[in-house]
Amino acid sequence: MRRKDREILDTKQIKEVILACDCCRLGFSDGRGVYIVPLNFGYAEKEDKKVFYFHGAKEGRKIELIKKNGYAGFELDTAHKIKGEECPCEFSFFFQSIIGEGPVYMVEEPEEKETALRSIMEHYSNTGGWEFKKELANVVSVFKLEVETMACKEHR
């Protein structure tokens, strides 16, 4: 990271930034460029692994790229604020952001699929205990990104 003065290293603070975000963007290489898709997400830390969970349609470009490449970059951002000044060149944009990458896997095992969907619901509802009808859970695809690298930054 170029701006070490803006880097967040504290794991508790990094998790707070993740939980404050409402969108995670995944970037997949498609052989010609990068396909970037904004997604709802859930986040979990288990057995020293950091995992982002996602859901979506069972077909489409995103699913094809997951199956083909099995790897993606990700980006989240929050706490946006503009600092105005008299001179336009002195304006600044405050933010918190996280970038990283890791392998992406389809989640097929029913128990983990339900865990993933529960994680997504808990992220957006701030409540737990969600139950899913098996037939409804089977309608969507669920996939996860296991974080290999992650960097967190803030400008305030």
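**Architecture, cores and salt bridges of the predicted model**

An α-helix has 3.6 residues a turn, so residues three or four places apart point the same way. Glu114 and Arg118 form a salt bridge, with 2.5 Å between the closest N and O atoms. Both partners are partly exposed: the relative accessible area is 24% for Glu114 and 21% for Arg118. The structure described here is a predicted model.

The protein contains 4 helices and 9 strands. Read from the N terminus, these elements follow the order β-α-β-β-β-β-α-β-β-α-α-β-β. The C-alpha trace spans about 60 × 40 × 30 Å along its principal axes. Of the 156 residues, 38% are buried. The accessible surface amounts to about 9700 Å², and carbon and sulfur atoms account for 50% of it. When contacts between residues at least 6 apart in sequence are considered, 69% of them join residues at least 24 apart.

In soluble globular proteins, nonpolar side chains tend to be buried together. In this model, the largest nonpolar core comprises 26 residues, of which Leu26, Phe41, Phe52, Phe54, Phe74 and Leu145 touch the most other members. Two or more residues of this core come from each of helix H1 (11-20), strand E2 (24-29), strand E3 (34-39), strand E5 (49-56), helix H2 (61-69), strand E6 (71-83), strand E7 (92-106) and strand E8 (141-146). Another core lies apart from this one and has 9 residues, including Ala44, Tyr53, Val107 and Ala116. Residues up to four places away in sequence being excluded, Phe52 touches Ile18, Phe41, Gly42, Tyr43, Phe74, Leu76, Phe143, Lys144, Leu145 and Val147.

Helix H2 has buried and exposed residues on opposite sides. Lys62, Ile63, Leu65 and Ile66 are buried. These residues are on the same side of H2, because the arc they cover around the axis is only 165°. Glu64, Lys67 and Lys68, on the other side of H2, are exposed. The cover over the buried residues of H2 includes E2, E3, E5, E7 and E8. Just after H2, Gly70 adopts a positive phi of about 65°.

Gly70 is also among the contacts of Val104, a residue of strand E7. Val104 has a relative accessibility of 4% and therefore counts as buried. Apart from neighbours within four places in sequence, Val104 is in contact with Phe28, Ile66, Gly70, Tyr71, Ala72, Phe143, Lys144 and Leu145. The C-alpha atoms of Val104 and Tyr71 are separated by 5.1 Å, although the two residues are 33 residues apart along the chain. Phe93 is likewise placed in strand E7, but Phe93 counts as partly exposed, at 41% relative accessibility. Together with Ile82 and Phe91, Phe93 makes a nonpolar surface patch of about 320 Å².

Side chains of opposite charge can pair when their charged atoms come close. The model has 8 salt bridges. One of them pairs Asp77 with Arg25, the closest N and O atoms being 3.1 Å apart. Asp77 belongs to strand E6 and Arg25 to strand E2, so this pair ties together parts that are 52 residues apart in sequence. Arg25 is partly exposed, at a relative accessible area of 30%. A further salt bridge joins Lys144 and Glu146, with a distance of 3.4 Å between the closest N and O atoms. In contrast to the partly exposed Arg25, both Lys144 and Glu146 are buried. Glu146 is located in strand E8 and has a relative accessibility of 16%. Beyond four places in sequence, Glu146 touches Lys49, Lys50, Val51, Glu101, Gly102, Pro103 and Tyr105. Salt bridges link Lys144 and Glu146 into a network with Lys46, Lys49 and Glu112.

The loop between strand E4 (42-46) and E5 holds Glu47 and also Asp48. Neither residue is a glycine, yet phi is positive in each, at about 50° for Glu47 and about 60° for Asp48. Both are exposed, with relative accessibilities of 75% for Glu47 and 85% for Asp48.

How values were computed. Residues are numbered from 1 along each chain as its sequence is written. This is a predicted model: local features need pLDDT of at least 70, side-chain atom pairs count only at pLDDT 80 or more; totals for chains, interfaces and linings use all residues. Side-chain values use heavy atoms; hydrogens and water are left out. A nonpolar core is a set of buried Ala, Val, Leu, Ile, Met, Phe, Trp, Tyr and Cys residues joined through side-chain atoms within 4.5 Å. Buried means under 20% relative accessible area, exposed over 50%, partly exposed in between (1.4 Å probe, protein chains only). Contact means heavy atoms within 4.5 Å. Patches are made of residues with over 30% relative accessible area and no salt bridge: like charges are joined within 9 Å, nonpolar side chains (Val, Leu, Ile, Met, Phe, Trp, Tyr) within 5 Å. Accessible areas come from the Shrake-Rupley method with a 1.4 Å probe; for residues, only the protein chains shown count as cover. A salt bridge is a side-chain nitrogen of Lys or Arg within 4 Å of a carboxyl oxygen of Asp or Glu. The arc is that of the directions from the helix axis to the C-beta atoms.
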